[in-house]
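Have the structure open as you read.

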Amino acid sequence: MGANTTTLTNARLLTPEGFRLGWLHIERGRIRSLGTGALPAEAGPAVDAGGRTVLPGAVDVHVHGGAGAAFTETDPERLLSIVRFNREQGVTTVVGGLVAASPADTLAQVAALAELTEAGEIAGSYLEGPWISEHRHGAHDPALLREPDLAEFAQIVKAGRGHIRMITVAPELPGALDLIRAAVSEGITVAVGHTEATYDQARAAFDAGASMATHLYNAMRPLNHREPGPIGAALTDERIVLELINDGVHVHPAAAQVAFDAAGSERIALVTDAMAATGLGDGTYSLGKLEVRVEGGRALLADGTIASSTIVLPDAIRRAVRTVPGVDLAAAARSAATVPARALGIPEVGSLEPGFHADLLVLDDDLGVAGVVHRGEWVRPL
């Protein structure tokens, strides 16, 4: 398949209306048309999908690394290695995730990711820290956490050159609501997470413009029937998109089912939170300044705290279909592509529609990755 004209035929396509067996025509890296029956006159060379399932390429808006590298590094080739690894696995759009770092390191990291964004390799950057709770710091170095500061935020925005897509904020911190409003005014998506917030504090953050919850259930005050906390606030607020790490470690299938049942797949964004160890074997790795031990694919800090994951997003799709009651392939695929793309305002990805980028994830009958197309080019041929 080249960058000019080609048509994928005999494909089970996930369209916005549902699955249908048909063809998808690509021109200059974009989806020109799709349909059933006779091919369009301009079809060009045809590639037979053999009846396989074709989904929108996965969109991971919360990923920290892979293939031995992390987005906290500033070497362009190291950063590109994460992007290439994800593309080969079917993740055709990535937002580079950062962890809490010093002010100087944060500026250098967002500047490096701005370069990668302007080169068209990633869809922007994501700051999971430093404006999070020391009581729910998870795998972030507590010594690097800070209270929201509008002056520092302005410096970060300037260094990011308009390419910061999302930040996580603990709404109970002093100045948090002002930071949320400032970020939203810059077009940045704000997520509530790593937080001890009460239900009312979380609701105040949502009213201030926060529109996502960072990896629901994890690193936040737990749900209680008298104090629902941020989990209850997010589940019951139709404005909020909920990140879910569906790796079999972070969230029990029953808890995932509760989230899908309460919010619906249109408000669930499957993410990986994946670290540098993804794609490699067990061993000792780094996440920011912290040491992480991976055993059997499970990433832990020395004290036993879960630290990131080691999956790629198609793994989460497959696990959702197989382990979460009521979640079918269409719902899981949209939660891994359409929902996160829309939540962060990433244009022309996440759906098989005319005019969108030709980013395709082809699955076999076992839901394994059989092929990947990025911008109309085969990254992983059938």
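Let's start with Leu 242, which touches Ala 213, Leu 216, Ala 234, Leu 235, Ala 263, Arg 267, Ile 268 and Ala 269, leaving out residues up to four places away in sequence. Keep in mind that this is a predicted model.

Leu 242 belongs to the largest nonpolar core, which has 77 residues; Phe 71, Ile 167 and Leu 216 join Leu 242 as the ones with the most contacts inside it. Helix H9 (residues 329-335) supplies the largest share of this core, with 5 residues. In soluble globular proteins, nonpolar side chains tend to be buried together.

| Core | Size | Some members |
|---|---|---|
| Largest nonpolar core | 77 residues | Phe 71, Ile 167, Leu 216, Leu 242 |
| Another core, apart from it | 19 residues | Val 59, Met 212, Ala 269, Leu 344 |

Now for the sheet. It's open, with 8 strands paired in parallel in the order S6-S9-S10-S11-S12-S13-S14-S15. Strands S6 (58-63) and S15 (268-271) sit at the edges with a single partner strand each, so one side of each has no neighbour in the sheet. Helix H2 (residues 103-118) packs on the sheet, touching strands S9 (91-98) and S10 (125-127), and its direction makes about 165° with that of S9. Further along, 4 bridges join the parallel strands S11 (residues 164-169) and S12 (residues 189-192), and Val 169 has Val 192 as its bridge partner in S12.

Last stop: is His 357 buried or exposed? With a relative accessible area of 15%, His 357 counts as buried, because the cut-off is under 20%. His 357 lies in the loop between helix H10 (338-343) and strand S19 (360-363), and its side chain makes a polar contact of 3.3 Å with that of Arg 375.

Notes:
Residues are numbered from 1 along each chain as its sequence is written. This is a predicted model: local features need pLDDT of at least 70, side-chain atom pairs count only at pLDDT 80 or more; totals for chains, interfaces and linings use all residues. Side-chain values use heavy atoms; hydrogens and water are left out. Two strands pair if DSSP finds at least two bridges between them. Helices (H or I, at least four residues) and strands (E, at least two) are DSSP runs, numbered from the N terminus. Contact means heavy atoms within 4.5 Å. Axes are lines fitted to C-alpha atoms, for helices over the stretch in contact, and angles run from 0 to 180 degrees between N-to-C directions. A nonpolar core is a set of buried Ala, Val, Leu, Ile, Met, Phe, Trp, Tyr and Cys residues joined through side-chain atoms within 4.5 Å. Buried means under 20% relative accessible area, exposed over 50%, partly exposed in between (1.4 Å probe, protein chains only). A polar contact is a pair of N or O atoms within 3.5 Å; within protein, one must be able to donate a hydrogen and the other to accept it, and residues adjacent in sequence count only if both atoms are side-chain atoms.
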